Amino acid sequence: MTDRTPIIEATNMDKFYGDFHALKDVNITVHKGEKMVVCGPSGSGKSTLIRCFNGLEFHNSGTLVVDGIEVYEGAKQIRALRQEVGMVFQQFNLFPHLTVLENLMIGPMKVRGLGRTKAEETARKYLDRVHIPEQADKYPSALSGGQQQRVAIARSLCMETRIMLFDEPTSALDPEMINEVLDVMVELVDTGMTMVVVTHEMGFARKVADTMVFMEAGRIVESSPPEQFFTNPSSERCRLFLDQILEH
Amino acid sequence: MSAAPDTHQPRGAALRQPPAIQRFFGSTIVSVLIYAAVMAAIIYGSFTGAQNMGYNWQWHRVPQFLWTFTDDGIEMGEMFYGLGVTIQLSLTAFALATAIGLLIALLRLSGLVVGSAVAIAFLEFIRNIPLLVLLYLFYYVLGPIFGLDRYTASVLTLAVFHSALISEILRAGINAVAVGQWEAAKSIGMTTGQTYRYIILPQSVRFMLPPMTGEVVHLIKSSAIVSVIAVAELTTIGRNIISDTFMSFEIWFTVALVYMAVTLILSVGVSFLEKRYAVDQ
């Protein structure tokens, strides 16, 4: 699945919020087609890291190259970058004033300049992919959390990006809806898309991850293939964290 | 199967009742009676007062200024023409005020130092001078300089004055949309302009409608002030009729009622619009 061409490369990345040091000297490489799962305690910088990947946040020092584009505040190609990097949010962030179909069509039409028929075709295709074609004409508020998140995934897919970022996609969901979202994400794995997923769903991680990353206090503490990560993590802190979340 | 026994027995202590006097004044009938009594006293007072000063009520002469019945149907009277000018003036000023207000709000939100500085300077300047002085500035100072006639000067005065208030309404409405909406729009590659147009503004409308209605009502009412430079709107027409007929009591009451009718109709209309834009999150 993975070839060894880097698609996201961060070198010595630092990020501050005022005095708070959110990312400390982060070095990380994501390869084309790689599935990376990032975990760690809250406040450890996982979300900040992936929000930097599509320019929703900007790092303060070091370099970050995503899909051949150097990311920094004020970069002209930020919009070009965002068109190549999809993002799924913890709170779904669907557009409440648009129907499901319109949510999916607005990006391709306004950003990519697709015609209405072509955009609708794409939208319906991806709505099928997330298994809710029958919800096309409803407003987001009429859907369950799991359905909303699947629409959000479809919205990202409609932009036909090569990289997808997931920022705790199941954390805001009721337990019985987590699996329907994870199932859709597992199905995406086979498309060869590069995925960086911040999540604590370790079952999902075991199933799909090529690389597991553990962060704490703004640092990447551990980065290893899942076999090693789950059985023999090199750091004590990571072992403790895994014990805690795998306990139940 | 026998019927279930009535288990609805109050078990806890009864809720404490408010004191008797509070219950007495709080009841609907008593409130209505008090209201009616106060209104009657006011009306009686003004009529006897008018009588004592020998005022000659001539309500029957009023309708001709509103409408007259002819063979062709109803013909609008002078006051309706005045009302027409008031509405035209107010709507033009409101459209212009919204455009200026949006510009100021966006400048303020742009995050540019110069943008916010310009916006804040404008807001403070407008908010801290009286409307009447602003009108004089436009008519007597800028008027001769730029060759503004009295109607244009009036429109500009009202537009500029209300744009300051409207810009704050727009800014609050825009800020009320969740940050996540910005992030979602950005993450699919939208420009700031597209995000405003397709995502943020359509959602802000429902936050803006109630205060905007208040603002239109306010604008229609403050348009009466342009009567001081003799623009032929409702208030000016009222004054002209009075100088012809000396029926100041009747005409001022009528003018007030006409303003009230227009603004009330407007408020009711907007409450329908509000339902239209209601989106549950």
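This is a predicted model: local features need pLDDT of at least 70, side-chain atom pairs count only at pLDDT 80 or more; totals for chains, interfaces and linings use all residues.
How many of the residues of strand β3 of chain A are buried?

1. Strand β3 of chain A, residues 35-39, is mostly covered, with 5 of its 5 residues buried. In a regular strand the side chains alternate between the two faces of the sheet. In β3(A), A:K35, A:V37 and A:C39 point one way while A:M36 and A:V38 point the other way, and all are buried.

2. Two parallel pairings involve β3(A): 4 bridges join β3(A) to strand β8 of chain A, residues 194-198, and 4 bridges join β3(A) to strand β9 of chain A, residues 211-216.

3. A:V66, which has its place in strand β4 of chain A, counts as buried because its relative accessibility is 0%, under the 20% cut-off. Not counting residues up to four places away in sequence, A:V66 touches A:I7, A:I8, A:F53, A:V71, A:L81, A:V85 and A:I163. The C-alpha atom of A:V66 is separated by 9.3 Å from that of A:E84, a residue 18 places away along the chain.

4. The largest nonpolar core has 101 residues, of which A:I8, A:F53, A:L64 and B:M79 touch the most other members. Helix α7 of chain B, residues 150-175, gives the most to this core, contributing 11 residues. With neighbours within four places in sequence left aside, the contacts of A:I8 include A:I28, A:F53, A:L64, A:V66, A:I163 and A:V196. Apart from this core lies another, of 50 residues, among them A:V37, A:C39, A:A123 and A:C158.

5. Helix α7(B) has 26 residues and reaches 37 Å from its first C-alpha to its last, close to the 38 Å expected at 1.5 Å a residue, although there is also a kink of about 35° in α7(B), centred on B:S163. At the start of α7(B), a side-chain oxygen of B:D149 comes to within 3.2 Å of the backbone nitrogen of B:Y151.

6. Helix α5 of chain A, residues 145-158, has 14 residues and reaches 20 Å from its first C-alpha to its last, close to the 20 Å expected at 1.5 Å a residue. This helix, α5(A), is mostly covered, with 14 of its 14 residues buried, and is followed by A:E160, which has a positive phi near 45°.

7. Positive phi values also deserve a look in two loops of chain A. A:D67, in the loop between β4 and β5 of chain A, has a positive phi of about 50° although it is not a glycine. A:E168, in the loop between β7 (163-167) and α6 (175-189) of chain A, likewise is not a glycine and has a positive phi of about 45°. With a relative accessible area of 16%, A:E168 falls under the 20% cut-off and is therefore buried.

Terms used: Residues are numbered from 1 along each chain as its sequence is written. Chains are lettered from A and ligands numbered from 1 in the order in which they are written. Side-chain values use heavy atoms; hydrogens and water are left out. A nonpolar core is a set of buried Ala, Val, Leu, Ile, Met, Phe, Trp, Tyr and Cys residues joined through side-chain atoms within 4.5 Å. Buried means under 20% relative accessible area, exposed over 50%, partly exposed in between (1.4 Å probe, protein chains only). Contact means heavy atoms within 4.5 Å. The expected span of a helix is 1.5 Å times one less than its number of residues. The bend at a residue is the angle between axes fitted to the seven residues ending there and the seven starting there. A polar contact is a pair of N or O atoms within 3.5 Å; within protein, one must be able to donate a hydrogen and the other to accept it, and residues adjacent in sequence count only if both atoms are side-chain atoms. Two strands pair if DSSP finds at least two bridges between them.
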